[in-house]
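What follows is a guided walk through a protein model, with the rules behind each term given along the way. Please keep the sequence and the structure in view while reading.

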Amino acid sequence: FTAWTAAIPFGSPSTLVGATNDTIKNCNVRMSATNVGIAITSGSGVTLFGIGEAPNSNNTIENCNITSAQTAIYSYGPAALDNNWVIRNNDCIGLGFSGIHVNNGNNTNIVENRISNVSINGGTSVQGIILSFQAANSTITRNKINNISNTIASGAYGIYLDMNTTATNVNVYNNFVTDVTCPGSGVIGNNAHGFFMDGGNGVNFHYNSVQLNANSTGVFTNAAAGFEPFAAGTILAGAVNMRNNILSNNQTAGNRYAIYSTIAATTFPVIDYNNYITSAGGILGFLGGNRTTIAQIQAGFGGNLNSITMTPLFISPTDLPLQVLPAHNPLVAGTPIAVPSITVDIDNSPRSTTTPTIGAHELPNRITYTALANTCNNGDVILTPVTIESAAGVPTAGAVVPRVYFRKGAGPWFS
């Protein structure tokens, strides 16, 4: 495709009927350039890229490989909202504006997508995933977002919430975001942020791992998580709950923060069990002024009684599973999340029900083995294979070395 177009458009032809119950699956879509089109778009069936005349609901986009488009997946629902979308397990690579952009959606589930190398040279922002206008009962989870860049000082974001204040129950959890860059700007929102919110309400931001590595250019103010309303009142008091996140800014130049907010602490009714960390010369947080220690984070943002600051060691700068090391013990101290119920991590591994790991990746603390078969045998019985995994390390000597306990029927235990 060489002109401004869409590879797979579908939408509502009138106010009476929408495009519903459609599945786009296992497609390879390649546009010709990152500035001339959208790969898969839903909205108006009359005006390409326009707002839908009627809701386009119960649609699924799954297992697609999308490259060289301006935006990979774009939907624009009417005021009545598109309902019940699933956007799952897509690879969106080499784009010019957005990976996934949803406007006016209810019960939208954006799950297990991989978005990388999104770059723009123009007077607009660039982002991996964006929810705009109205959003309700929607989830962004288990996505991996990497290398989002803008060459103009107009904003770059891994995950961007640009919603109105009627938004409710928007859940962002178990995501990896790495390397977001943008030339510096005096407007906070026009810089680079791993997660950024400039409008909305009812947001739960839990168990995410965000790390900025590559430096931006110019005089910049970047944050792993940033909050700045685009107008007065666009982010409500009590709008954001934040727990169990790793917010790491590993950049080596500029004004670099783990968390930056230009709005009051009342925005964050529940904020705790987060790991805020920056490279040398960085600042943990900003709210009403720089917050350089956890005590100052507590004083500025409120909460954070169990938040920490420590350097996480990831598998690589662009892949954020934690290495299994005793040094990560302080991270195995999160708090279980009941609303929404979060029982697995980014890899679908179970979360601890008592002290889950901070960040998107749950460190292993488990014993796995093959159960013994029923047999008659008066000789030795070998239990194998047995695998013991622990973030604290497995001792090989001393009183706490692993032991096998066994009993016959309801009799006493032996070791």
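The residues that line the largest pocket divide into 15 nonpolar, three polar and two charged, where Ala, Val, Leu, Ile, Met, Phe, Trp, Tyr, Cys and Pro count as nonpolar, Asp, Glu, Lys and Arg as charged, and the others, Gly among them, as polar. This is a predicted model, in which local features need pLDDT of at least 70 and side-chain atom pairs count only at pLDDT 80 or more, while totals for chains, interfaces and linings use all residues. Residues are numbered from 1 along each chain as its sequence is written, and side-chain values use heavy atoms, with hydrogens and water left out.

The largest pocket has a volume of about 730 Å³, and among its 20 lining residues Leu 372, Leu 383, Val 404, Tyr 405 and Phe 406 lie nearest its centre. The elements that give two or more residues to this lining are β30 (366-369) and β31 (386-389); strands (E, at least two residues) and helices (H or I, at least four) are DSSP runs, numbered from the N terminus. On a 1 Å grid over the protein atoms alone, a pocket is an open set of points with protein on both sides within 12 Å along at least five of seven lines, a cavity is a set of points where a 1.4 Å probe fits but cannot get out, and lining residues have an atom within 4 Å of a point. Grid points are joined across faces, edges and corners, and a volume is the space filled by probe spheres set on the points.

The second largest pocket holds about 240 Å³ of space, and of its 18 lining residues Ser 125, Ser 154, Tyr 157, Tyr 160 and Asp 198 lie nearest the centre. Two or more residues of that lining come from each of β12, β14 (156-163) and β17 (192-199), with β14 giving the largest share, three residues. By class, this lining has eight nonpolar, seven polar and three charged residues.

Two single residues show the two ends of accessibility, where buried means under 20% relative accessible area, exposed over 50%, and partly exposed in between (1.4 Å probe, protein chains only). Ser 42 lies in strand β4 (residues 37-44), and counts as buried because its relative accessible area is 2%. Its side chain is joined to that of Asn 56 by a polar contact of 3.4 Å, a polar contact being a pair of N or O atoms within 3.5 Å; within protein, one must be able to donate a hydrogen and the other to accept it, and residues adjacent in sequence count only if both atoms are side-chain atoms. Gly 123, by contrast, is found in the loop between β11 (114-120) and β12 (126-141), and counts as exposed because its relative accessibility is 75%.
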